[in-house]
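Welcome! Here is a short briefing to read alongside the sequence and the 3D view.

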Amino acid sequence: MRLGLLGRVCKVWAPRGVAVAQTVQIGWKYIYVAVALDPRTGRLWWAWQKNMKGEEMARIWRDWAQEPGIDGWVWDGAGGHTGKEMQAVDAPRVVQPPYAPELNPVERFFRELRRAVEGRVYPDLQAKQDALEPILEAWQADPKRVRQLCGWRWIREALKALPADSQVIQS
């Protein structure tokens with residue numbers, strides 16, 4: 001997920017007939033948070049990365065591929081996911097069909113993260129990153145909440161049908 005200083009206008013509650021004014025931040029600095037989750041257990045991993053290029057992503061995914069219990073990935077066809085550096089990461093992967101973000105549970109998780117930090121003005125990118133960090137920690141500490149958000153019935157059933165020794169993580 002890209003986290004940057006280019007703010008978004010968010011829906012907010014207000015009494016009927018009251019015009020809501022929102023300050024929008026405009027800046028072109030970005031940092032990215034890589035997230036992986038297991039929709040069956042609610043386990044969550046994240047790491048900060050400076051860009052979405054293959055070598056930066058491969059560094060993180062190589063570390064995660066060494067985690068016990070992670071045997072593969074389900075991900076979209078983003079350019080950073082398909083480069084030669086990422087293909088060299090030794091883990092099975094399932095690539096989603098193009099233009100199907102609704103099939104990826106982590107996209108639903110990203111929507112919750114955006115809802116938590118967007119609509120505010122931050123003095124700099126580090127402040128926005130610092131605001132997101134405790135939110136990620138809270139999600140990580142509550143696997144039941146992650147399962148409820150991302151563990152859709154069809155995904156749980158599909159993963160249950162896999163051989164007993166395999167576990168696929170959504171990213």
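At 1.5 Å a residue, the 12 residues of H1 should span 16 Å, and the end C-alpha atoms of H1 are 15 Å apart, which agrees. Please keep in mind that this is a predicted model.

**More on H1**

- The buried residues of H1 are Gly54, Glu56, Met57, Ala58, Ile60, Trp61, Trp64 and Ala65.
- Three strands are packed against by these buried residues: E2 (30–37), E3 (44–49) and E4 (72–75).
- Helix H2 (79–82) and helix H3 (84–87) are also among the elements that the buried residues of H1 pack against.

**A closer look at methionine 57**

- Methionine 57 sits in helix H1, which covers residues 54–65.
- Is methionine 57 buried or exposed? Its relative accessible area is 2%, and buried means under 20%, so methionine 57 is buried.
- Leaving aside residues up to four places away in sequence, methionine 57 touches Gln49, Met52, Gly80, His81 and Met86.
- Methionine 57 and cysteine 150 are 93 residues apart along the chain, and their C-alpha atoms are separated by 22 Å.

**Helix H6**

- Cysteine 150 belongs to the buried residues of helix H6 (residues 143–150), together with Val146 and Leu149.
- Looking down the axis of H6, you will find its buried residues within an arc of 75 degrees, so they line one face of the helix.
- Lys144 and Gln148 are exposed on the other side of H6.
- The cover over the buried residues of H6 includes E2, helix H4 (105–117) and helix H5 (125–140).

**The protein overall**

- The secondary structure comes to 7 helices and 6 strands.
- Along the sequence, these elements follow the pattern β-β-β-α-β-α-α-β-α-α-α-α-β.
- Taken along the principal axes, the box filled by the C-alpha atoms is roughly 55 × 35 × 30 Å.
- Of the 171 residues in the protein, 42% are buried.
- Among contacts between residues at least 6 apart in sequence, 60% join residues at least 24 apart.

**Surface and charge**

- The accessible surface is about 10,100 Å², and carbon and sulfur atoms account for 54% of that surface.
- There are 25 positive and 20 negative side chains, with the centres of the two sets 7 Å apart.

How values were computed:
Residues numbered from 1 in each chain as written. Predicted model: local features only at pLDDT ≥ 70, side-chain atom pairs only at ≥ 80, totals over all residues. Heavy atoms only, no water. Helix = DSSP H or I, 4+ residues; strand = E, 2+ residues; numbered from the N terminus. Buried < 20%, exposed > 50% of the residue type's maximum accessible area, 1.4 Å probe, protein only. Contact = heavy atoms within 4.5 Å. Expected span 1.5 Å × (residues − 1). Areas by Shrake-Rupley, 256 points an atom, 1.4 Å probe, with all protein chains shown as cover. Lys, Arg positive; Asp, Glu negative; His and termini not counted. Charge placed at Lys NZ, Arg CZ, Asp CG, Glu CD. Arc of directions from axis to C-beta.
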